[in-house]
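Student: I have a structure open beside its sequence, and I would like to learn how to read it feature by feature. Could you walk me through it?

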Amino acid sequence: MHLSFSIQMIAVILIISPIIESAKFCYSGRGATVPTKQCGNGGDASQYACQTFKCEGGKSPFTLRTCANKNMGCMAGPAICKYSQGTGSCMRCENDNCNILN
């Protein structure tokens, strides 16, 4: 009886795990060609999203792609964009390498 419950719980976990959206790999860097990198250091991969920060106008427009913690806003880019008098926007997605199209 105890073994049957354990098997059922394992089955539920295996079914639910792929449903939780999270990025394990994101494009990371600046410029036209950016490599893909693993998010995190082998910890809880369910906490990451891919993001693309675009700074338009100003003295030096740029696009920056990174892995990011799901619970935090766009941290990389806004200060540099503001300093260069540009207008920034952040787009986030939660599938592997989804930030190449943004």
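Predicted model: local features only at pLDDT ≥ 70, side-chain atom pairs only at ≥ 80, totals over all residues.

**Reading the features one by one**

Student: Which side chain does K70 meet in a salt bridge?

Tutor: The partner is E94, at 3.7 Å from N to O. K70 sits in the loop between β5 (62–69) and α2, while E94 is in the segment after β6, so the pair ties together parts that are 24 residues apart in sequence. E94 is partly exposed too, with a relative accessible area of 31%.

Student: How many salt bridges does a search of the whole structure find?

Tutor: The search finds 1.

Student: Let me step back, then. How many helices and strands does the chain have?

Tutor: There are 2 helices and 6 strands. Going along the sequence, their order is α-β-β-β-β-β-α-β.

Student: And what share of the residues counts as buried?

Tutor: Of the 102 residues in the chain, 27% are buried. The accessible surface amounts to about 7,000 Å², and carbon and sulfur atoms account for 60% of that. For contacts, look at pairs of residues at least 6 apart in sequence: 59% of these contacts join residues at least 24 apart.

Student: What should I have in mind when I look for a core?

Tutor: The general idea is that nonpolar side chains tend to be buried together in soluble globular proteins. Here the largest nonpolar core has 8 residues, namely A23, C26, C39, Y48, C50, C67, C93 and C98. A second, separate core has 6 residues, among them C55, F62, C74 and C81.

Student: Which residues does C67 touch, leaving out those up to four places away in sequence?

Tutor: C67 touches C26, K37, Q38, C39 and A49. Of these, C26 and C39 are listed with C67 in the largest core.

Student: Is the link of C26 and C50 left-handed or right-handed?

Tutor: The link is left-handed, with -90 degrees about the S-S bond. Now take C55 and C81, whose sulfur atoms are 2.2 Å apart in a disulfide. That link is right-handed, at 85 degrees about the S-S bond. C55 lies in strand β4 and C81 in helix α2, 26 residues apart, and the pair links distant parts of the chain. C55 is buried at a relative accessible area of 2%, and C81 is buried at 1%.

Student: What about C93 and C98?

Tutor: A disulfide joins them, with 2.0 Å from S to S. The link of C93 and C98 is right-handed, at 95 degrees, and both cysteines are buried. Counting bonded cysteines along the chain, the disulfide pattern is 1-3, 2-5, 4-7, 6-8, 9-10.

Student: How do I describe two aromatic rings together?

Tutor: A pair of rings is described by the distance of the centres and the angle of the planes. The count here is 1 aromatic pair. It is made by F53 and F62, whose ring centres are 6.0 Å apart and whose planes are at 35 degrees, so the pair is tilted. F53 and F62 are both buried.

Student: Which residues other than glycine have a positive phi?

Tutor: Q85 is one of them, with phi near 65 degrees. Q85 lies in the loop between α2 (78–83) and β6 (87–93) and is exposed, at a relative accessible area of 59%. N97 is another, with phi near 50 degrees. N97 is in the segment after β6 and is partly exposed at 25%.

Conventions: Residues numbered from 1 in each chain as written. Heavy atoms only, no water. Helix = DSSP H or I, 4+ residues; strand = E, 2+ residues; numbered from the N terminus. Buried < 20%, exposed > 50% of the residue type's maximum accessible area, 1.4 Å probe, protein only. Contact = heavy atoms within 4.5 Å. Areas by Shrake-Rupley, 256 points an atom, 1.4 Å probe, with all protein chains shown as cover. Core = buried A, V, L, I, M, F, W, Y, C linked by side-chain atoms within 4.5 Å. Salt bridge = Lys/Arg side-chain N within 4 Å of Asp/Glu carboxyl O. Phe/Tyr/Trp six-rings, centres within 6.5 Å; stacked < 30°, edge-to-face > 60°. Disulfide = S-S within 2.5 Å.
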